[in-house]
Amino acid sequence: MSKLSILVKQLYKEKVKGKSFILMTLLYIAVITVVMFWSDIKALFVNEEALQIALVNETPVELEPIFASNDDITFSYPTESKESLYEQLKDEKLDAVIIVSEENKRLKAEIATYTPLKLNDQSTISSLIQYAGSIYGIQQLNLTAEEAEKILNSEPIITTTNINEQTGDTKSEDQKQSGMWVSYGAGIVIYFFVMTFLSIITTDVASEKGSRALEMLLVSVKPGTHFQSKIIGTMLVALTQFGVIFGFLFVLLRFTDGGSKWKMVESVLSDISYSYVFYVIAFLFLTIVLYLIIGALFGSLVSKVEEASQVMTPAIMITLIGFYVMISGVANPDTLLIKVFSYIPLTSGMVMPMRIGATDISTVEPIISLVLLIVTCVAAYILSLSFYKRSVLTYSTGGIIEKIKTVLKVTT
Amino acid sequence: MTLALKHVVKKYKDFTAVNDLNFTIDKGEIFGLIGQNGAGKTTTFRMILDLQEQTEGSITWDGSPIKKINRDWLGYLPEERGIFPQMKVEDQLIFFGKLRGMNGNELKKEIDFWINRFELEEKRHDKAETLSKGNQQKVQLIASFIHKPKFLILDEPFSGLDPVNRDLLKNAILLLKEKGVTILFSSHQMDNVEELCDHLCILKRGVSLFSGSLLDLKKQYGKTKLSIRTTVPKSELEKMAGVKEVKVMRDEYVLTLMNESFAKPIFELISNGQYIEKFSLDYLSLDEIFKDKVGGNDE
């Protein structure tokens with residue numbers, strides 16, 4: 001077994017068996033479970049009874065099929081007087097009374113409550129009234145039921161053609177929405193993995209350096225091999241956590257609710273091209289590698305593990321900026337800010353997949369961004385390796401700039 | 001000749017850490033590198049181990065540049081103690097052994113032998129962080145030579161050890177010497193150096209003040225340490241010719257002479273009608289020579 005594989009194996013075993021890795025993985029799994037089963041969990045704690053709504057129909061329109069009862073709202077159609085119904089409102093036997101009437105050939109709905117309705121319930125009732133209003137409007141035209149249904153269900157055919165050959169194929173809204181969700185997911189994955197594993201690699205190198213175990217290791221292992229082992233080992237740990245979490249997520253999606261959630265995922269994925277999947281994976285992988293290289297270098301700069309967080313701060317700030325730029329892109333992915341950050345190697349992994357998925361970007365732009373990221377990774381690796389060899393046995397105090405100066409001073 | 005340092009210089013911009021250092025170590029020899037803190041010992045070790053590059057000069061092993069030798073032949077115990085705190089003692093030794101090319105039964109045999117020798121059997125499956133400082137040091141020490149190196153560097157191996165464990169370590173070093181391991185070590189405890197080393201080098205601010213055999217060093221000073229147990233008062237002893245200094249050590253006087261030739265006249269003077277219970281002429285201890293050479297305390 002080569003020295004590199006011995007070091008990688010040791011790091012991998014130590015981290016994967018470590019309490020922090022297990023707890024962090026379980027935490028992610030717990031969060032995913034809570035998100036997936038939020039409505040069920042909420043139901044356990046919030047025992048909500050269905051709203052009781054009385055509907056008084058003063059029009060010839062048949063409202064029962066429109067205002068159908070469900071788990072949240074029970075509609076009743078009493079024949080009692082308004083006053084009696086309002087009394088029931090006061091007695092909290094009813095939550096709302098809706099009186100539907102005609103006015104100037106339009107449907108009119110008066111909603112009376114004693115306790116104001118929640119926003120969700122208001123929205124649901126409003127949309128049902130809107131629909132009833134449409135039906136009423138159609139009925140005023142004396143159309144047949146088939147004709148009315150045709151009008152209600154008719155959807156325009158929208159095709160988009162971009163005559164600029166420099167840009168790629170124009171995406172449909174569905175494709176853009178799917179791309180947005182996937183890139184948003186990829187961005188979150190990058191953010192969390194960078195936050196977790198940047199810290200792991202930096203503190204690991206710092207702790208070996210601080211404990212002087214590194215000096216013993218470097219007698220038999222070249223600094224370059226040690227550097228590589230940290231990056232490969234931490235990457236494998238990250239992929240393991242990635243595999244466990246996504247494996248669990250897949251099982252949840254596939255086998256709960258009769259696979260209905262998985263069908264939603266499939267529908268999102270069906271709108272996504274293979275090239276987009278390639279870009280997402282490539283950006284995700286390279287961004288994590290880049291941050292691991294930086295993390296290992298930062299770890300080699302500090303003299304003891306307590307200083308690790310100090311040197312990590314700039315990288316964490318950049319990740320945060322990238323993350324917030326990506327979040328801003330959810331509202332509008334076509335801004336100049338998004339465009340600029342989609343080329344910066346430390347943030348492009350979070351931002352460029354959003355542009356590829358959710359905008360009509362030319363095919364050249366992602367390639368340029370990816371090439372920039374690859375070149376940065378290679379350059380960062382070469383520079384970090386050279387610097388790592390010199391910094392890993394240099395002990396100094398002060399801030400990060402001070403530490404770099406000391407390394408340069410004592411090794412050149 | 002095994003290890004040879006010739007005109008080795010290490011400069012950091014305007015600061016010279018090691019200046020024109022020369023010494024050789026033969027196979028199976030124990031060599032001491034002594035000096036105050038900041039004398040350049042650790043820098044010298046790091047240059048020998050190729051952890052730092054010398055600015056000038058050459059470091060060779062059997063005539064070849066040290067850089068070219070198999071790294072697994074080397075063993076190193078750094079000055080500051082440190083092992084993987086979360087790793088169990090046995091796992092730690094397996095890891096370091098495997099890293100230096102050992103495997104299977106041979107590694108297990110070595111681990112069993114040294115764990116037993118250093119009385120760590122009960123701690124074998126304990127995490128390193130749960131051990132006392134002394135036991136951690138023993139584990140780190142075993143890790144430094146578990147792979148049977150040809151050349152072993154021990155930077156302050158005795159610091160922090162109690163007298164019992166110090167003896168265990170001394171015996172281990174002597175056993176390694178018997179097995180043909182060449183050992184270079186530094187220590188602030190001169191009695192250990194005196195006991196173990198055949199040859200030594202004294203460093204002061206990166207400059208070698210002496211390099212050679214311990215006996216040659218002592219001979220440079222001659223037998224100038226005179227211990228006397230007598231009824232002659234101190235004031236009279238101080239007046240005698242050739243006496244540099246008189247110290248009272250419990251019930252005897254320790255005189256430092258200018259040179260060995262003054263001993264005989266002193267004996268003749270004080271034996272004249274006085275009772276002499278002890279009259280012993282010795283070489284200075286290494287500790288005394290060291291203090292004289294580097295000037296002041298070791299710390």
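Let me start with B:L3, which, once its neighbours within four places in sequence are set aside, is in contact with B:F23, B:T24, B:I25, B:I48, B:I59, B:T60, B:W61, B:I66 and B:F151, where contact means heavy atoms within 4.5 Å. What we are looking at is a predicted model, in which local features need pLDDT of at least 70 and side-chain atom pairs count only at pLDDT 80 or more, while totals for chains, interfaces and linings use all residues. Residues are numbered from 1 along each chain as its sequence is written, chains are lettered from A and ligands numbered from 1 in the order in which they are written, and side-chain values use heavy atoms, with hydrogens and water left out.

A nonpolar core here is a set of buried Ala, Val, Leu, Ile, Met, Phe, Trp, Tyr and Cys residues joined through side-chain atoms within 4.5 Å; buried means under 20% relative accessible area, exposed means over 50%, and partly exposed lies in between, with a 1.4 Å probe and protein chains only.

Let me turn to the chains themselves, beginning with chain A. It has 16 helices and four strands, and these are DSSP runs numbered from the N terminus, helices being H or I with at least four residues and strands being E with at least two. The C-alpha trace of chain A spans about 95 × 55 × 40 Å along its principal axes. Of its 412 residues, 42% are buried, and its accessible surface comes to about 22,200 Å², with 62% of that belonging to carbon and sulfur atoms; such areas come from the Shrake-Rupley method with a 1.4 Å probe, and for residues only the protein chains shown count as cover.

Chain B, for its part, has 10 helices and 14 strands, and its C-alpha atoms fill a box of roughly 75 × 45 × 30 Å along the principal axes.

I would like to finish with a few single residues, and with the backbone angle phi. Most residues other than glycine have a negative phi. A:E92, however, has a positive phi of about 60 degrees although it is not a glycine, and A:E92 sits in the loop between α4 (82-90) and β3 (96-103) of chain A. Is A:E92 buried or exposed? A:E92 counts as exposed because its relative accessibility is 56%.

B:D20, also not a glycine, has a positive phi of about 50 degrees, and B:D20 lies in strand β2 of chain B, residues 15-25. With a relative accessibility of 38%, B:D20 counts as partly exposed.

Finally, B:D198 is found in the loop between α6 (190-196) and β9 (199-204) of chain B, and B:D198 is partly exposed, since its relative accessible area is 27%. Leaving out residues up to four places away in sequence, B:D198 touches B:E29, B:I30, B:K177, B:S213 and B:L214.
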